[in-house]
Amino acid sequence: MSGKENSETKLYDLINEVEIAMLTTVEAGGKLHTRPMANQEADENGDIWFFTDKTTSVAKNVKGNPKLSLGYSNASNTYVAITGTGKIVDDRAKIDELWSDELEMWFPKGKGDPDLTLLCVTPERGEFWDAGSSTIVSAIGYLRAKITGGNADDFIDNRKVKL
């Protein structure tokens, strides 16, 4: 496996560990709008899927301007940023495939709701920062920075990935 494949695999593994993604879209007037979205695992092509409602700003913004970004973070000092394009996909078979009962929290009418649709994000670039969940590693990085006057970046796995 090449370095790019290792980086890409790690990027997607980190994304799959996070339950909520922060989605930023561009509104009609050019302003950015960020909101939380329940994360779904990426498919075999690397596309990332989200459920949304056809009447929301997500659907309207993506139809007006498909450029978007996703931000991921968790309590384990892991951060991922994705930029790419989105498209609204009204595919009942795909909805059935991706649906889980937990989604009824956000979509109480269930998977048969005629306004339920999907957002497919095709990533173009990604970047991740992974310091790991170890408190010891974080402490060593902090101490090293204090002693040397440098920073703790040596203890953070940071890579940019072209997707």
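## Salt bridges and pockets

K111 and D96 form a salt bridge in which the closest N and O atoms are 3.6 Å apart. Because K111 lies in the loop between α3 and β6 while D96 belongs to helix α3, the pair ties together parts that are 15 residues apart in sequence. K111 is partly exposed, at 37% relative accessibility, and D96 is likewise classed as partly exposed, at 45%. The model is a predicted one, and the values given here are to be read accordingly.

In total, the count comes to six salt bridges. Three of them are set out below.

| Salt bridge | Closest N and O atoms |
|---|---|
| D90 with K54 | 3.1 Å |
| K94 with E97 | 3.3 Å |
| K111 with D96 | 3.6 Å |

The partners D90 and K54 form a salt bridge with their closest N and O atoms 3.1 Å apart. D90 sits in the loop between β5 and α3 (92–98), and K54 in the loop between β3 and α2, so this pair ties together parts that are 36 residues apart in sequence. D90 has a relative accessible area of 48% and is partly exposed; K54, at 31%, is also counted as partly exposed. Both residues belong to a network of salt bridges that links K54, D90 and R92.

The pair K94 and E97, by contrast, lies within helix α3, where the two are three residues apart, about one turn of the helix. K94 is buried, with a relative accessible area of 13%, whereas E97 counts as exposed at 55%.

Helix α2 has buried residues V58, A59, N61 and V62. The elements that cover them include β1 (20–26), β2, β3, β4 (67–74), β5 (78–89) and β6 (116–130).

Helix α2 (57–64) also contributes to the largest pocket: together with β2 (32–38) and β3 (48–53), it is one of the elements that each supply at least two residues of the lining. This pocket has a volume of about 250 Å³. Its lining comprises 16 residues, with P36, M37, F51, W106 and F107 lying nearest the centre. By class, ten lining residues are nonpolar, four polar and two charged.

The second largest pocket has a volume of about 200 Å³. Residues lining this pocket include E19, I20, N39, E102 and W106. Its lining has four nonpolar, three polar and three charged residues.

Key: Residues are numbered from 1 along each chain as its sequence is written. This is a predicted model: local features need pLDDT of at least 70, side-chain atom pairs count only at pLDDT 80 or more; totals for chains, interfaces and linings use all residues. Side-chain values use heavy atoms; hydrogens and water are left out. On a 1 Å grid over the protein atoms alone, a cavity is a set of points where a 1.4 Å probe fits but cannot get out, and a pocket is an open set with protein on both sides within 12 Å along at least five of seven lines; lining residues have an atom within 4 Å of a point. Grid points are joined across faces, edges and corners, and a volume is the space filled by probe spheres set on the points. Helices (H or I, at least four residues) and strands (E, at least two) are DSSP runs, numbered from the N terminus. Ala, Val, Leu, Ile, Met, Phe, Trp, Tyr, Cys and Pro count as nonpolar, Asp, Glu, Lys and Arg as charged, and the others, Gly among them, as polar. Buried means under 20% relative accessible area, exposed over 50%, partly exposed in between (1.4 Å probe, protein chains only). Contact means heavy atoms within 4.5 Å. A salt bridge is a side-chain nitrogen of Lys or Arg within 4 Å of a carboxyl oxygen of Asp or Glu.
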